Amino acid sequence: MAKRRISLTHRKQRPVLTDMLPFEVPPTFSNRGYYRFLRKYSVEIENRQLRWICDKPILDQTMKLLFGIHKHTPVNTEVVTEWGKQKTRRFVSLGKCQMATIPFNFRVAHNLDGRTLSVIHPRNQIEVASFYATHSALIIYHTSVSEFSIRRPASVSRYVYFKDKLHEQRLDVIAGVEEDGKEYEQIGSYFVYKEFRNIHRFFESRKYHRSEKKYDAMVQIDVSKCFDSIYTHSLPWAILGKDQTKFGLEESKKTFGGRFDALMQNLNHKETNGIVIGPEFSRIFAEIILQSIDFKLVERLRAAENLRHKVDYEIFRYVDDFFVFYNDESTRTKIFDALQDLLKSKKLSINTAKIKHYQKPIITEITIAKERVSALLNEQISPKCEEEDSASPLTSPTKNLVCSINTNRLIIGYKSAIKESGITYGELLNYTFAIAENKIEKLFKVYVGCDNSDRNRRRLSRSLLAIMEFSFFAYSASPKVNHTIRLCRMIATSVDFLNSQNFPHELKHLLFKYVHDNVVQQLDKNTMSAYREVESLYLLLSLSQIGREYWLPPPILLRHFLIKEEKGTGNYCRPAGFMSHFSITILLTYIKDKVRYTKLKDFLEAHIVAKLEHTKALCHEDTEALIMLLDLIICPYISTATKERIGQTFGLDPASFMSVQASNDHWFTAWGDKFDLGRELDAKRSREVY
């Protein structure tokens with residue numbers, strides 16, 4: 001299928017859609033509704049002004065709320081001409097806006113100690129978008145000075161390409177014209193990246209093989225807690241020099257580096273130690289600092305050690321991982337010492353526990369495991385359509401589905417590949433699930449080409465059940481968010497296919513019952529905690545797709561969300577503290593208006609009000625609080641009285657509340673008909689974890 005190319009517009013608002021959110025946010029949560037709001041009213045920050053296009057003052061209250069502007073601050077107006085049409089532009093000085101905010105932090109499973117990811121405040125998202133639009137050329141320049149980097153911005157995305165059948169089916173646009181809700185809204189990033197979007201592609205590239213042919217050994221070096229350790233002032237130091245920056249402090253604040261530094265502080269509550277983790281712009285910030293280290297490392301090794309890059313050694317860097325090829329041990333030592341010293345100058349360090357040494361053949365453990373797993377899955381899962389001659393020459397031959405899967409053999413072979421390669425399940429699970437997804441899609445394609453017989457339906461059901469059994473086994477060893485997303489995609493695809501093919505009830509529900517039992521098992525095993533929240537929310541939504549027979553009883557939901565029933569009163573309470581916005585909105589999406597959950601929803605509404613009252617003093621600067629306000633006042637599942645109490649927490653009188661409520665029908669959480677789990681899971685394909 002030929003590629004289809006769609007031109008991208010709305011450059012000033014587009015980074016809000018592509019570069020602001022961590023990949024790991026729940027499927028109900030996105031910037032799509034917010035992006036449409038910004039685009040509709042041409043909201044932007046330009047020349048130290050907050051601007052928007054609106055003929056009447058109906059948005060003034062919403063803009064003041066979004067940007068922390070005092071309610072009595074006057075809004076200025078001017079008439080401008082855009083594309084031959086006169087419009088009223090409304091604006092406020094940026095100095096009137098409270099731009100230092102508190103990000104919404106949430107934890108996900110990662111190694112032993114978990115990882116904190118961040119959603120930044122809506123007003124800072126516009127500030128970052130404005131910075132991108134103004135400084136994209138400088139970003140590209142400062143991320144192109146290193147010979148090492150194999151993942152860096154190379155240009156601004158001008159088009160989005162579609163070549164798979166899913167996009168082709170869902171795309172419905174006139175070339176060059178954007179429309180709401182179309183598939184182009186899933187573009188992965190604001191910039192085009194060079195050269196590898198995934199580290200494993202580097203291991204299988206010609207560059208890697210060429211370096212192995214030229215050098216005898218390789219060492220992999222990881223920067224310890226890179227994003228947590230970055231000192232924001234390191235960026236102007238990297239661009240201007242540390243001494244020049246300190247001696248001309250006020251002047252440096254007006255430069256590209258100084259503005260980027262101030263921006264990163266504003267969106268992280270003025271913190272200078274560490275940057276937010278998750279958004280793409282944080283990786284760009286880190287990339288500029290690391291590129292300056294790359295450049296200085298080449299210069300130092302040439303001047304002090306007479307070592308020449310691509311002659312005596314060759315280095316590749318993917319984000320914060322360095323891959324150093326060399327021949328002599330003395331060369332490796334000199335590179336290590338120089339790199340350690342340069343990182344220290346930027347308040348960074350090498351993670352000595354993660355250093356890995358390789359001799360020829362220079363092949364990583366993951367590459368070995370991938371080769372074995374690929375062969376295993378291709379051998380064990382091989383659906384095909386076989387023709388069987390009929391007894392009569394007058395009738396067509398029957399077409400039978402053939403796909404016999406021995407689950408035990410598959411699981412034992414997979415465990416052997418993991419064990420013998422010396423890696424963990426988590427390191428290989430993304431790759432494994434990618435193959436499993438493709439196998440399911442191939443199974444469905446082959447089935448469609450076979451006869452519509454009971455025997456073929458039973459064979460498909462057994463094969464699908466075997467793949468799911470293997471997938472849940474592998475998933476249980478490493479239930480991280482990215483693995484959960486892939487598992488949920490397999491479930492959603494399977495459920496949709498069986499329903500579309502009108503499978504008999506008993507065959508469909510063999511799979512549905514298996515999915516239900518295993519999801520409940522995972523929910524029981526991984527009860528809500530500081531490190532496990534988002535993973536289980538995906539599974540809960542996935543469970544909601546298989547029918548009313550599998551609605552979870554209230555006690556299971558209460559146990560998972562750490563809600564308890566008080567003895568004597570029978571009232572619900574949550575001793576573990578307040579639930580996050582993600583847990584609240586996913587739970588509301590799951591229980592909706594179902595009668596069996598009435599008591600749980602009453603508790604949830606009281607819990608929401610109590611949580612916002614607790615953050616009342618800082619609610620205008622607190623990202624989670626503001627997002628809760630915007631999402632919940634348009635939620636179809638909670639009462640009008642609760643919505644009004646939420647508005648009162650933010651000091652909104654009835655008129656202001658009505659104005660904010662009417663300003664947009666979708667902000668960050670997709671409610672009701674606006675939420676399609678299958679579509680949202682498909683959208684994640686364009687933004688896989690780096």
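Is Asp517 buried, partly exposed or exposed? Asp517 is partly exposed, with a relative accessible area of 34%. Here, buried means under 20% relative accessible area, exposed means over 50%, and partly exposed lies in between (1.4 Å probe, protein chains only).

**The model and its confidence**

This is a predicted model, where local features need pLDDT of at least 70, side-chain atom pairs count only at pLDDT 80 or more, and totals for chains, interfaces and linings use all residues. Residues are numbered from 1 along each chain as its sequence is written, and side-chain values use heavy atoms, with hydrogens and water left out.

The pLDDT is the predictor's confidence in each residue, from 0 to 100. Its mean over the chain is 88. Of the residues, 91% reach 70 or more. Confidence is highest in helix H25 (residues 623-632), at a mean of 97. It is lowest in helix H5 (residues 165-170), at 42. Over residues 162-186 the pLDDT is below 50. Beyond near neighbours in sequence, this stretch still has 59 contacts in the model. A contact means heavy atoms within 4.5 Å. Where pLDDT is low, the predicted coordinates should not be read in detail. Helices (H or I, at least four residues) and strands (E, at least two) are DSSP runs, numbered from the N terminus.

**Inside the protein**

Helix H21 (residues 534-543) is mostly covered, with 10 of its 10 residues buried. Among them are Glu535, Tyr538 and Leu540. Leu540 is also one of the contacts of Leu557, leaving aside neighbours within four places in sequence. Others include Leu587, Tyr590 and Ile591.

Leu557 belongs to the largest nonpolar core, which has 210 residues. Such a core is a set of buried Ala, Val, Leu, Ile, Met, Phe, Trp, Tyr and Cys residues joined through side-chain atoms within 4.5 Å. Phe67, Phe260, Tyr414 and Leu557 touch the most other members.

**Salt bridges**

A salt bridge is a side-chain nitrogen of Lys or Arg within 4 Å of a carboxyl oxygen of Asp or Glu. The whole structure holds 30 of them.

| Pair | N to O distance |
|---|---|
| Lys12 and Glu44 | 3.3 Å |
| Lys12 and Glu46 | 3.2 Å |
| Asp517 and Lys513 | 2.7 Å |

Take the Lys12 and Glu44 bridge. Lys12 lies in the loop between strand E1 (4-7) and helix H1 (14-18), and Glu44 in strand E2 (residues 44-46), so the pair ties together parts that are 32 residues apart in sequence. Lys12 is partly exposed, at 34% relative accessibility. Glu44 is buried, at 14%.

Lys12 also bridges to Glu46. That pair links distant parts of the chain, 34 residues apart. Glu46 is partly exposed, with a relative accessible area of 25%.

An α-helix has 3.6 residues a turn, so residues three or four places apart point the same way. Lys513 is partly exposed too, at 41% relative accessibility. Elsewhere, salt bridges that share partners join Lys12, Glu44, Glu46 and Arg51 into one network.
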